[in-house]
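Here are a few exercises to work through with the model open beside you. Try each task before reading its solution.

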2 protein chains.
Amino acid sequence: MSSNKTVIVNGRFLVPGTAQPVLSGYMTIEKDLITYIGEVKPVIEEGTQTIDGSRLLFMPGLVNTHGHTAMSLLRGYGDDMVLQNWLQEKMWPMEEKFTGDDVYWGTALSVLEMLKGGTTTFLDMYDHMDRVAEVSEQSGIRAVLMRGVIGLCPEDVQNHKLAEAVAFARNWHGKADGRITTMISPHAPYTCPPEFFMKFVQAAHDLDLPMHTHMSETRREVEQNAADYGLRPVAHLEKLGMFTRPSLVAHGVHLNDEEIEILARYHVGVSHNPGSNLKLASGVARVPELLRAGVTVSLGTDGAASNNNLDMFEEMRLAALIHKGVSGDPTAVPAPEALLMATEYGAQSIFLEGVGRLAPGMKADFIALDIDQPHFLPHTDHLSHAVYSASAKDVAHVWVDGKQVVKHGQCLTLDEEQIRRKAQETFEGLLKR
Amino acid sequence: MSSNKTVIVNGRFLVPGTAQPVLSGYMTIEKDLITYIGEVKPVIEEGTQTIDGSRLLFMPGLVNTHGHTAMSLLRGYGDDMVLQNWLQEKMWPMEEKFTGDDVYWGTALSVLEMLKGGTTTFLDMYDHMDRVAEVSEQSGIRAVLMRGVIGLCPEDVQNHKLAEAVAFARNWHGKADGRITTMISPHAPYTCPPEFFMKFVQAAHDLDLPMHTHMSETRREVEQNAADYGLRPVAHLEKLGMFTRPSLVAHGVHLNDEEIEILARYHVGVSHNPGSNLKLASGVARVPELLRAGVTVSLGTDGAASNNNLDMFEEMRLAALIHKGVSGDPTAVPAPEALLMATEYGAQSIFLEGVGRLAPGMKADFIALDIDQPHFLPHTDHLSHAVYSASAKDVAHVWVDGKQVVKHGQCLTLDEEQIRRKAQETFEGLLKR
């Protein structure tokens, strides 16, 4: 968007959670913000850029609230395996070899896939985070980044990692015109001893940042937590003080009623990762119960090695489908709720104000789908089609922070050809090392 | 394919179920058949058409073994509803109005979507089947067609419908260069009284054709069957003689061990429709147990009104994912098995010999995916990527019976622009009628 003002004319816009969730009309973008959306045509001054919105469906950019982007380098490197074998034989030996450059190219591959597929914001918990921030800055994507720390190591190494996490969080928070924010992230209660975990809570207080961790992904890890500490993970994290900070937990597959009540009470968000949870056979999270209790449930892809793509439309559809099938209730997670989980609830759960909705005053993070295709016909209900029929490949245009980053399916900010080549070379290099 | 012989050079080919499931090399097509596939370059005579297979992944065309294609006209017309309300308030009142022309355009919309998405064979059970056959003939797709008959009507109407089903099956079997075959299809045990159902069994014997029906899709229908006839549906259909014919049942969600054993004994195939079963909250079929018992399990989309797209990659992925998540076994329905379900097992279950596999002597029904995209990188395992990362939109080229029907994503046999317009008009017309 070269001019300061752009008006989309004759568009259809998804505004879930409002009285008119599919709105036909106009949307004005000025600099990084949406300044108008409505049925009435705004005054269009000379020099204003206009975009013909017919044949397109506009919706908020998708928000991916849990992932490890560099793991796209291991996409398809190990499938259909028992979790512990997959980790010990496949993932960990390769990840141990990851250098900053590897993380850079793996992240670039993922960010390219995400932007082209309509994801405008992603959360990343990994290592070599300066390189992840670098890709985020270059690509124009919105990013919530954190060094994820595994604490199963000697105390000096623990402290070194903690210092790294703190330095990263401090250095990058608010950078890239505010597109990058940071959080504090011990990897999981089962990989961080209590005393060490509590240092992260203290750091989050010191820096006034929110926290993120993996929690209750597998039944085994819940049982181990109870055996080790006499508490299930939610009570354990409550005791360690995590929930005194604004918090988001990833997975939350194995939760009892009491735990759901505690999460709701502390306003702890849950990043639901249906694709990864199914593929790794972790189970099916109690999403209808979480939503009913008032918990903010958002959607994440997790790493591409356990998904195996970063298509947030697929996560949205899985969320809308599996909870119906498993609960036996066809009204569970209806389409508008699934869309909110992938957009507005996503932004809320990673503490981004003014993101995730098409409304005046909100950040201009939005995408346009090409709906002049067989699987979007007939035009019965555009919101239903976006949830139940669409895929990442239907995204034609993407804007983040008011800037167009994908146009007619081509990424404007990253060199796709180079990234594809480098990602392949990097994987082949890892195999040889 | 204008010449009689075509050779694909430097391709990658998926041949699941063999010692080398991802083969790099060459494939020769002569007329409607594959005549060679292997690593060794064949002699290429002058005048032979060659296709550069680099950047493409070749695999058998997908086989959709259960659907009602004209229902794409009702895509998104009713979602997130209780099954009976959805049927009674939304589907049935509209379907009652369907004319032959409506079915023609709805089917054309679906066949267009399927061909572009890599489905080369589909099964259709519906009404106005002559018009479905017409679209199938024109489009070049392979089709297994049948008039699905609901018998909840006076005897003269029943007999009229039966006669229609028989006439259609007789007239169209083997037509369109053999691309169209037919089956005999009472709609379901709960919509066809036993005496009426048995007339279809007799007709199938008379015509020497296989049979298809809906079975055990919902728990309620199983309970009703037991209440009405003192038998669960499998024993009921066994008693009515259906399994004396080669048979395929759709759904088979609610089966006990004994029923699985009966299906295996009679070699009855099951068309698994994961997307539809989840969306309508019917439940999760016992696919790992069915496969273990030796039942041929294939994949179907069901109608687009309960799916809501006809993307067989999505069904394949759902089959590979949900049974892991629900069973807790990450090795359940591994990628090669999911791919076989969508291809070779599909062809077997609708009684098509010589379809569903890339091998000499098999029909040249195959597709090519564009794998030079971020979500197919790195090139670790092409079979895994096809199952866990791909979507219908990744299909670049499609051949059926040796003829190319989709090229660079464009359908060569159908007028896409006209179909899109007519499908929309048809839906709007139905609303007004």
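This is a predicted model: local features need pLDDT of at least 70, side-chain atom pairs count only at pLDDT 80 or more; totals for chains, interfaces and linings use all residues.

Residues are numbered from 1 along each chain as its sequence is written, chains are lettered from A in the order in which they are written, and side-chain values use heavy atoms, with hydrogens and water left out.

**Exercise 1.** Find out which residues line the largest cavity, and sort them by class.

*Solution.* Start with the definition: on a 1 Å grid over the protein atoms alone, a cavity is a set of points where a 1.4 Å probe fits but cannot get out, and lining residues have an atom within 4 Å of a point. A volume is the space filled by probe spheres set on the points, which are joined across faces, edges and corners. The count comes to 4 cavities of 30 Å³ or more. Next, take the largest cavity, with about 70 Å³ of space. Its lining consists of E314, R317, L318 and L321 from chain A and E314, R317, L318 and L321 from chain B. The elements that give two or more residues to this lining are α11 (312–327) of chain A and α11 (312–327) of chain B; helices here are DSSP runs of H or I with at least four residues, and strands are runs of E with at least two, numbered from the N terminus. Finally, sort the lining: 4 residues are nonpolar, none is polar and 4 are charged. In this scheme Ala, Val, Leu, Ile, Met, Phe, Trp, Tyr, Cys and Pro count as nonpolar, Asp, Glu, Lys and Arg as charged, and the others, Gly among them, as polar.

**Exercise 2.** Work out the strand order of the open sheet in chain B, and name its edges.

*Solution.* Two strands pair if DSSP finds at least two bridges between them. The 4 strands run in the order β11-β12-β13-β14, with parallel pairing. β11 (211–215) and β14 (297–299) of chain B are at the edges because each has a single partner strand. To check one pair, look at β13 (residues 269–272) of chain B, which joins β14(B) over 3 bridges; S271(B) has S298(B) as its bridge partner.

Definitions and conventions
On a 1 Å grid over the protein atoms alone, a cavity is a set of points where a 1.4 Å probe fits but cannot get out, and a pocket is an open set with protein on both sides within 12 Å along at least five of seven lines; lining residues have an atom within 4 Å of a point.
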